[in-house]
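Visitor: I have a chain on the screen and would like to go through it piece by piece. Could you take my questions in order?

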Amino acid sequence: MTAVNGRASTTASGAGAGAAGGGAAAGRGPAGDTVAGVVRQWQAVHPRIDTAPMEIIGRINRCAALLQQAEDAPLRHAGLTRPEFDVLGTLRRTGHALTPGEIARETFSSGAAVTKRLKQLGERGLIERHGDTRDRRVTHVHLTDAGRDLVDRVLPEQLSYERTALSGLDDDAQRGLAAALGELLVQLEGRLGAPRG
């Protein structure tokens with residue numbers, strides 16, 4: 001599976017492309033993408049192995065790697081990482097102060113990762129933290145005016161950037177992909193859900 005984790009060689013679609021013509025790969029995705037080449041190579045080595053999961057997970061991983069490689073241009077120009085923007089966006093869309101634990105759950109992150117991000121965002125004056133009046137162990141985080149203004153400025157630019165990244169798919173294809181990924185995500189969150197970094 002490691003051959004299709006998003007870092008497969010760009011020559012993979014050429015190498016071994018004819019090694020196992022037809023087969024499972026031929027009917028489930030573009031014949032010329034990187035993962036299709038990797039799948040054909042595996043089918044040549046292990047022709048009896050069902051590579052169907054690799055054709056889905058491999059493509060998801062490869063797409064994610066390419067998007068991360070290109071980075072999120074509007075966020076980068078604003079001096080933000082995607083995880084930092086997730087924190088700011090969470091505070092903006094919920095519309096009220098949250099505890100670090102609530103932010104961790106909303107952003108599917110670890111507590112340590114959220115603490116680090118809050119420190120960085122606080123140093124930039126984008127968020128503020130206040131202790132709870134009834135429990136000094138609890139901290140409430142809210143956006144500053146500068147943080148709110150930054151989110152409101154960057155969000156339309158980021159959505160436009162993402163829209164361009166998806167522009168090769170028509171509206172029906174995008175809706176279908178969103179629905180299929182939503183179904184997959186619900187299942188994975190139920191079975192594998194755990195905080196990430």
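Visitor: Among contacts in the protein chain between residues at least 6 apart in sequence, what percentage join residues at least 24 apart?
Guide: This is a predicted model, and the figure refers to contacts in the protein chain between residues at least 6 apart in sequence. Of those contacts, the share that joins residues at least 24 apart is 59%.

Visitor: How many helices and strands are in the protein chain, and in what order do the elements run?
Guide: The protein chain has 9 helices and 2 strands. Read from the N terminus, the order of the elements is α-α-α-α-α-α-α-β-β-α-α.

Visitor: What percentage of the residues of the protein chain count as buried?
Guide: A residue counts as buried under 20% relative accessible area. The protein chain has 197 residues, and the part of them that counts as buried is 29%.

Visitor: How do H5 and H6 pack, roughly parallel or roughly perpendicular?
Guide: H5 covers residues 82–94 and H6 covers residues 100–107, with their axes 10 Å apart. The angle between H5 and H6 is about 105 degrees. Angles of 65 to 115 degrees count as roughly perpendicular, so H5 and H6 are roughly perpendicular.

Visitor: Which residues in H6 meet H5?
Guide: On the H5 side, the contact has Asp-86, Val-87, Thr-90, Leu-91 and Arg-93. By class, the contact of H5 with H6 has 3 nonpolar, 2 polar and 3 charged residues. The residues in H6 that meet H5 are Ile-103, Glu-106 and Thr-107.

Visitor: How is H6 set against H7, roughly antiparallel or roughly perpendicular?
Guide: H7 spans residues 111–123, and the axes of H6 and H7 come within 9 Å. They cross at roughly 110 degrees. That angle makes H6 and H7 roughly perpendicular.

Visitor: How many charged residues are in the contact of H6 with H7?
Guide: H6 brings Pro-100, Ile-103, Ala-104 and Thr-107, while H7 brings Gly-111, Val-114 and Leu-118. By class, the residues of this contact include 5 nonpolar and 2 polar. The number of charged residues in the contact of H6 with H7 is none.

Visitor: Which helix supplies the largest share of the lining of the second largest pocket?
Guide: The second largest pocket holds about 170 Å³ of space. Its lining consists of Phe-85, Asp-86, Gly-89, Thr-90, Arg-93, Glu-106, Thr-107, Val-151 and Leu-155, divided into 3 nonpolar, 3 polar and 3 charged. At least two lining residues come from each of H5, H6 and H8 (145–165). The largest share, 5 residues, comes from H5.

Visitor: What is the phi of Phe-108?
Guide: Most residues other than glycine have a negative phi. Phe-108 is found in the loop between H6 and H7, and with a relative accessible area of 34% Phe-108 is partly exposed. Although Phe-108 is not a glycine, its phi is positive, at about 55 degrees.

Visitor: Where does Ile-127 lie, and does it count as buried or exposed?
Guide: Ile-127 lies in strand E1, residues 127–131. Its relative accessibility is 4%. The cut-off for buried is under 20%, so Ile-127 counts as buried.

Visitor: What separates the C-alpha atoms of Ile-127 and His-142?
Guide: Leaving out residues up to four places away in sequence, Ile-127 touches Leu-88, Leu-91, Leu-118, Leu-121, Gly-122, Val-141, His-142, Leu-143 and Thr-144. Ile-127 and His-142 are 15 residues apart along the chain, and their C-alpha atoms are separated by 5.6 Å.

Visitor: Which residues does Gly-125 touch, not counting residues up to four places away in sequence?
Guide: Gly-125 lies in the loop between H7 and E1 and is partly exposed, with a relative accessible area of 31%. From C-alpha to C-alpha, Gly-125 and Gly-147 are 7.3 Å apart in space and 22 residues apart in sequence. Not counting residues up to four places away in sequence, Gly-125 touches Thr-144 and Ala-146.

How values were computed
Residues numbered from 1 in each chain as written. Predicted model: local features only at pLDDT ≥ 70, side-chain atom pairs only at ≥ 80, totals over all residues. Heavy atoms only, no water. Axes fitted to C-alpha atoms, helices over the stretch in contact; angles between N-to-C directions. Helix = DSSP H or I, 4+ residues; strand = E, 2+ residues; numbered from the N terminus. Parallel < 35°, antiparallel > 145°, perpendicular 65-115°, else oblique. Contact = heavy atoms within 4.5 Å. Nonpolar A, V, L, I, M, F, W, Y, C, P; charged D, E, K, R; others polar. 1 Å grid on protein atoms, 1.4 Å probe; cavity = no way out; pocket = protein on both sides within 12 Å on 5 of 7 lines; lining within 4 Å. Points joined across faces, edges and corners; volume = space filled by probe spheres on them. Buried < 20%, exposed > 50% of the residue type's maximum accessible area, 1.4 Å probe, protein only.
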